[in-house]
Amino acid sequence: MTAPYARYRRAVAIPAGMAMATALAFLPNTMATAAEDAPAPASARADATPLSYVVNVKPGHRTSAYVKKAVAKAGGTVVTSYDQIGVIVVHSSNADFAKTVRKVRGVQSAGATRTAPLPSASTGDLGAPKVLSAAEVAKAEAPAGQDPLQPQQWDLPAIKADKAHEKTLGSKKVTVAVIDTGVDDTHPDIAPNFDRKASVNCVSGKPDTADGAWRPSAAESPHGTHVAGEIAAAKNGVGMTGVAPGVKVSGIKVSNPDGFFYTEAVVCGFVWAAEHGVDVTNNSYYTDPWYFNCKNDPDQKALVDAVTRAAKYAERKGAVNVAAAGNENYDLASDEITDPSSPNDTTPGDRVVDPSKCLDIPTQLPGVVTVASTGAKGIKSSFSNYGLGVADIAAPGGDSTAYQKPEAPATSGLILGTLPGGKWGYMAGTSMASPHVAGVAALIKSTHPYASPALVKALLYAEADATPCTDPYDINADGKIDAVCEGSKNRNGFYGWGIADALDAVTK
């Protein structure tokens, strides 16, 4: 089954009668750094428009200092520099900036992080969550010991999180960073567990630590707030319950109001997490503007290099990086994929890519836990990307209720989460699957506080419930095969090592 329609973002189209939901990414607010741009030197073309770039050098201040002088000479203005990983963020109006600076001694790669000038245009391609009304919330009833909306959360028993909570809710010493569209920390289900010190706005490519800068505005996507609630909504007699309701959650805002996640913001997000004691990062997005970044293109190669360095740095500092596999029903282990959506900040066009050479970042980067999505019947969601050797693990991300209907008392096949303004609602996508795994990883870290990221990942995979291929896979029952699963029960393209198991995370 192919993607429902071409789109710029990771939006999931739910069949008629259902809410459309997202599993996507958003981008940095370029306006925040506009004031820092110095007048362009004479070498810059007068008629050119400013773009943002990453310049990658050998880590260390000495190399960076030398290259920064060359950057200025080439018509660039340094926005910020992450010398610990050798990534410099630059704005320039010189159309030949990247080509010029790549020739500078010490520069390993350099490229534009977008194809649209600063600021980018809005796509308007955001699916709206199905919001629970005040009346629905008020009449919610649950058995003793459960939060009021928990009976609607079929996803918790699907990974045995309800049983895990009888053992432990997780440790307050563990923090999961939601690298996303922002988190509303005033929400009554998030406020008790929010880690302000580990929260920041990285939209411009450098940290903005103003109080509340990590929150989405009323016009911005609720995506990050939904994800945060799935991970750590408090077990407090209000609303819903998170997978790890006793751990801390932070908001690292990396998407601009138009909903893009550009490289400089993502790099900032990972570095911030690395340096603020974060144990797990959740990444339910892809880095714009390219769905797949091809290493034979010098600009795209630079983006892969920069995000790879940042993600590895976070892992070296102790963080497990978890990411959504994507919502196009792509086989990421296939020889080729037709990508109709790139670049998504200007005019996309069809291009055929080899996903082993052209990477969806950060989800396909080395060391990142790649999460596929399952529905209420425990099989691959209709939209979920997959691929033998690419998908590491699976978890509930929801699906059309028409395809996978949950058992009563749950009524929706989508995933319940928190929404800004003290609300709750349903969304679906691998964006919703990834935070389930991030929550389980947080429970593992709570149980094994001295475990390295490598050990946490090893336990995550070893404790997953092995799930055989769904064969044949005809999710909409139209008589046509919608995807082909390869591999064994213990590891395959649909479910990786299996479906995440929260109970084993707190008992083994």
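A residue is called buried when its relative accessible area is under 20%, exposed when over 50% and partly exposed in between, with a 1.4 Å probe and protein chains only; Ser431, at 0% relative accessibility, therefore counts as buried. The model is predicted, so local features need pLDDT of at least 70 and side-chain atom pairs count only at pLDDT 80 or more, whereas totals for chains, interfaces and linings use all residues. Residues are numbered from 1 along each chain as its sequence is written, and side-chain values use heavy atoms, with hydrogens and water left out.

**Annotated site**
- The unreviewed UniProt entry places its "active site" annotation on Asp180, His223 and Ser431.
- These residues span 252 residues in sequence, yet no two of their C-alpha atoms are more than 10.1 Å apart, so they gather at one spot.
- UniProt annotations of this kind may be inferred rather than shown by experiment.

**Asp180 and Ser431**
- Asp180 lies in strand β8 (residues 175–180), and Ser431 in helix α9 (residues 430–447); helices (H or I, at least four residues) and strands (E, at least two) are DSSP runs, numbered from the N terminus.
- Asp180 also counts as buried, because its relative accessibility is 0%.
- Leaving aside residues up to four places away in sequence, Asp180 has contacts (heavy atoms within 4.5 Å) with residues including His223, Lys253, Phe261 and Ser284.

**Helix α7**
- Helix α7 (residues 263–274) has 12 residues and reaches 17 Å from its first C-alpha to its last, close to the 16 Å expected at 1.5 Å a residue, where the expected span is 1.5 Å times one less than the number of residues.
- In α7, 12 of its 12 residues are buried, among them Glu264 and Trp272.
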